Amino acid sequence: MSVEVVQKDVGYLLEGPHWDDVTKTLLYVDIYGQTIHRYDPASDQADKVNIGETVGAVVTTRSGRTLAAAKHRIGFVDWKTGGVETIVEVEQDKPTTKFNDAKCDPMGRFWAGTMGSEDTSKGPGATDKKQGSLYCLYPDRTIINRVQNVDISNGLAWTADRKTMYYIDSLTFGVDAFDYNIETGEIANRRQAFAIPRCDGIPDGMCIDSEDMLWVALFNGAAVIRYNPKTGEKLQTIKLPTTNITSCCWGGASLDELYVTCAKHHLTKEQLEKEDTAGSLFRVTGLGVKGVKSEPFNDSELSQ
């Protein structure tokens, strides 16, 4: 296994990596930097666009556009101007909430979650609890609030048989499972798949591999850990040289490279001096397993 820095110190709170299988580029966000990044591993070139508001997540679409969940809205991003063409808005009655992590299901529906405001003076996890929700945006612009009373909405993943959705509400310190109806996008029978000890860190973003094992990024844990979601067993640990690991996704031509984001968020001045890779993008190779592609949003009905 090899861990390398592919973009060093490029932001403050990097999150939401998404591999574009068409262009072979990686998208990710800097939430408080209000910026969407795009990295091309083949050329080692990168570009970015500032959209002028906090941005929690970004995905590509089937038509090649970029879809972002930013503050209270979901919309298409103009890479030249930074403008966002709004599709839907949520939580206009909750000025302190914002979109956080998001991902598309195998049918191209966009699942995006919100969270309450943070008190950065109190350290990781000091968030207004039960203020967030998990939404599902359908191709026809319908948006449904599927989960309420969320603390910090984070990682999402679907099993290969499309019958189970995994979900992380970070401050529950575990990964939950839902029965998933792939035809309708409905969820049912929520239960905790496995718990994560607080001493390991706060579960943040995650992805799933071709064997239906979960890779969970641990904020305040300096690691990404591969779990068997049926047993909770730790199968593999990637130790990283900075404390606050935020998310991960599969990329590369064979989907066998794991891209990992991290943050300077909540690090002290002393920690930042020691952890010079905080706010960087990592790539991990030689893991011996392949991943699952990042699904694009199905914008076919919006393109008509």
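**Thr261**

I looked up the side chain of Thr261 and found a polar contact of 2.7 Å with the side chain of Thr246. A polar contact here is a pair of N or O atoms within 3.5 Å; within protein, one must be able to donate a hydrogen and the other to accept it, and residues adjacent in sequence count only if both atoms are side-chain atoms. The model is predicted, so I note that local features need pLDDT of at least 70 and side-chain atom pairs pLDDT 80 or more, while totals for chains, interfaces and linings use all residues. Residues are numbered from 1 along each chain as its sequence is written, and side-chain values use heavy atoms, with hydrogens and water left out.

I placed Thr261 in strand E23, residues 257-263. Strands (E, at least two residues) and helices (H or I, at least four) are DSSP runs, numbered from the N terminus. Thr261 counts as buried because its relative accessibility is 0%. Buried means under 20% relative accessible area, exposed over 50%, and partly exposed in between, with a 1.4 Å probe and protein chains only. Leaving out residues up to four places away in sequence, I listed what Thr261 touches; among them are Leu14, Tyr28, Thr246 and Leu281. Contact means heavy atoms within 4.5 Å.

**Cysteines**

How many disulfides are there? I counted zero, a disulfide being a pair of cysteine sulfur atoms within 2.5 Å. The closest cysteine sulfur to that of Cys248 is in Cys207, and at 3.7 Å it is too far for a bond. For Cys262 the closest is in Cys248, at 12 Å, so this is also too far. Cys248 is buried at 1% relative accessibility, and Cys262 is buried at 0%.

**Gly185**

I found Gly185 in the loop between strand E16 (174-181) and strand E17 (186-195). Gly185 is buried, because its relative accessible area is 0%. Not counting residues up to four places away in sequence, Gly185 touches Arg109, Trp111, Tyr138, Arg146 and Tyr180. I also checked Lys129: it is 56 residues from Gly185 in sequence and 26 Å from it in space, C-alpha to C-alpha.

**Sheet E6-E7-E8-E9**

I traced an open sheet of four strands in the order E6-E7-E8-E9, with antiparallel pairing. Strand E6 (55-60) and strand E9 (84-89) are the edges, each pairing on one side only. Two strands pair if DSSP finds at least two bridges between them. E6 and strand E7 (residues 66-70) pair in the antiparallel sense over five bridges. I looked up Ala57 and found Ala69 in E7 as its bridge partner.
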